[in-house]
Amino acid sequence: MNAEKQDRAVTVKTVWLPLRTVSEMNVRTHWATRAKRMKTARRTAHALCPAAAVPCVVLLTRYSAGTLDDDNLRSALKGVRDGIADRLGVDDASPAVTWKYEQAACKRGEYAVHVRIEEKG
């Protein structure tokens, strides 16, 4: 069984998304502003992310000057996750996709989301 796993090729696809993400759990804005921000994130992720085969592992890395705790990080990247799931043709709750989250610091005023998709051969 281990020989089978070693023979499988792993394909990795990456893309940088020019998105500023904020924690949707803590921001107090009008519902229409929030909806527009989520729609933009979802559409950008869907348009720019490469197609990939499932099952796969998707690593989302948020780049920002500030950091968020785990639940706020997931909230900030929800629109991106939905857009990638749309691109993959699956529901974001599908067990065929494993979602991982990270964050990294960068200069104030700079921001991005790095997406790494690892296909499980």
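Predicted model: local features only at pLDDT ≥ 70, side-chain atom pairs only at ≥ 80, totals over all residues.
User: In which sense do strand 2 and strand 4 pair, and over how many bridges?

Analyst: Strand 2 and strand 4 also pair in the antiparallel sense, here over eight bridges.

User: Is strand 4 largely enclosed or largely open to the outside?

Analyst: A residue is called buried when its relative accessible area is under 20%. Strand 4 covers residues 112-119, and six of its eight residues are buried, so the strand is largely enclosed by the rest of the structure. For the protein chain as a whole, buried residues make up 38% of the 121 residues.

User: How many aromatic pairs does the structure hold, and why is the pair of W16 and Y63 described as tilted?

Analyst: The structure holds one aromatic pair. Plane angles under 30 degrees would count as stacked and those over 60 as edge-to-face; the planes of W16 and Y63 stand at 50 degrees, with ring centres 5.0 Å apart, so this pair is tilted. The pair links distant parts of the chain, because W16 belongs to strand 1 (residues 11-17) and Y63 to strand 2 (residues 56-64), 47 residues apart. As for cover, W16 is partly exposed at a relative accessible area of 49%, and Y63, at 24%, is likewise counted as partly exposed.

User: In what order do the elements of the protein chain run?

Analyst: The protein chain has four helices and four strands, and, starting from the N terminus, the order is α-β-α-β-α-α-β-β. Of the contacts with a separation of 6 or more, 85% come from residues 24 or more positions apart.

User: What radius of gyration does the protein chain have, and what would a compact globule have?

Analyst: For 121 residues, a compact globule would have a radius of gyration near 14 Å, and the protein chain, at 15 Å, agrees with that. The C-alpha trace spans about 55 × 30 × 25 Å along its principal axes. Finally, the protein chain exposes about 7400 Å², of which carbon and sulfur atoms supply 50%.

Conventions: Residues numbered from 1 in each chain as written. Heavy atoms only, no water. Phe/Tyr/Trp six-rings, centres within 6.5 Å; stacked < 30°, edge-to-face > 60°. Helix = DSSP H or I, 4+ residues; strand = E, 2+ residues; numbered from the N terminus. Buried < 20%, exposed > 50% of the residue type's maximum accessible area, 1.4 Å probe, protein only. Pairing = 2+ DSSP bridges. Rg over C-alpha atoms; globule rule 2.2 N^0.38 Å. Contact = heavy atoms within 4.5 Å. Areas by Shrake-Rupley, 256 points an atom, 1.4 Å probe, with all protein chains shown as cover.
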